[in-house]
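Take a look at the sequence and the model below.

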Amino acid sequence: MVLEIKNVNKVYPNGTHALRGVSFDVKEGEFLVIIGLSGSGKSTMLRCINRLHDVSTGEIMFEGKDITKLRGKDMRQVRSRIGMIFQHFNLVPRKSVMTNVLSGTLSRTGIFKSICGIYSEEDKKKARDYIKIVGLEGKENHRADNLSGGQQQRVAIARALMQNPKVLLADEPVASLDPATSHSVMQYLKKVNEELGVTVICNLHFLSLVREYSSRVVALKAGNLIYEGQPHDIDENWFQTIYGEEAVEVTIN
Ligand SMILES: Nc1ncnc2c1ncn2[C@@H]1O[C@H](COP(=O)(O)OP(=O)(O)O)[C@@H](O)[C@H]1O
Ligand SMILES: [Mg+2]
């Protein structure tokens, strides 16, 4: 087990109860997808896992150790083992692909070295390797903002890989992309999962993508975990329970 989420509650300072007694396990090497309506608590869950947010109660065990109360150096160490990519990529737009990817070593290199652009040959080689893995060989010196959305998300994946993550969290990574590009990004995530053995936890909106790429699914609704199982077991009834009576399944081709 890579992660064990145990009875996690998250209440934001304004009183919003975003997670209610959520428990689930994440196994080594799996591609777990979290689904649910907007506002169901998906992003909150990922942010609690990488310690961007503190949980209110409950435990998150990472490689057998509760990480919810870690501070300072210990917290940064755990965070460096948990990579993250976001809906809006969060690249530095005017910097090159190479510079953006290299900045993924930040947790090890330190801010000073990174600002001065001092990276080891080893890091540069690693960056070139990961740029190749996400299919962007030859684009090392292109500015990030000259790339398409899908290519920018692949740069973000390469950047996350620079920290040698055990787990990669992806918060709606294809939500701002068109359908064809969405598949391309999902395929590279799958490749990272299968070929590099990185465990992936991915928040997704579209069920068609979930069925195609996930090895297991959990569903959140108003902060409660209401489904845990195989993607192909989500039938019409489950679909309506998760998304509401009025919802209609949309397919991304
Ligand atoms: N920083 C925050 N402060 C207060 N409430 C928040 C904050 N972030 C999210 N929420 C609330 O928590 C609930 C879950 O949000 P979120 O985790 O973003 O859901 P999702 O990612 O599934 O759309 C929502 O009601 C949202 O409004
Ligand atoms: Mg969200």
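Around ligand 1 sit Tyr12, Asn14, Thr16, Ala18, Gly36, Ser38, Gly39, Ser40, Gly41, Lys42, Ser43 and Thr44 (C-beta, placed from the backbone, within 6 Å of the ligand). This is a predicted model: local features need pLDDT of at least 70, side-chain atom pairs count only at pLDDT 80 or more, and totals for chains, interfaces and linings use all residues. Residues are numbered from 1 along each chain as its sequence is written, while chains are lettered from A and ligands numbered from 1 in written order.

Helix 1 (residues 42-49) gives the largest share of the shell, three residues. Helices are DSSP runs (H or I, at least four residues), numbered from the N terminus.

Now the core. The largest nonpolar core has 70 residues, and Val101 and Ile157 have the most contacts inside it. Such a core joins buried Ala, Val, Leu, Ile, Met, Phe, Trp, Tyr and Cys residues through C-beta atoms within 7 Å. Helix 7 (residues 149-161) supplies its largest share, six residues.

Next, helix 6. Buried means 20 or more other C-beta atoms within 10 Å of a residue's own; exposed means 12 or fewer, with C-beta atoms placed from the backbone.

| Side of helix 6 | Residues |
|---|---|
| Buried residues | Lys126, Ala127, Tyr130, Ile131 |
| Exposed, on the face turned away | Glu121, Glu122, Lys125 |

Glycine 135 follows helix 6, with a positive phi near 75°.

Notes
Helices (H or I, at least four residues) and strands (E, at least two) are DSSP runs, numbered from the N terminus.
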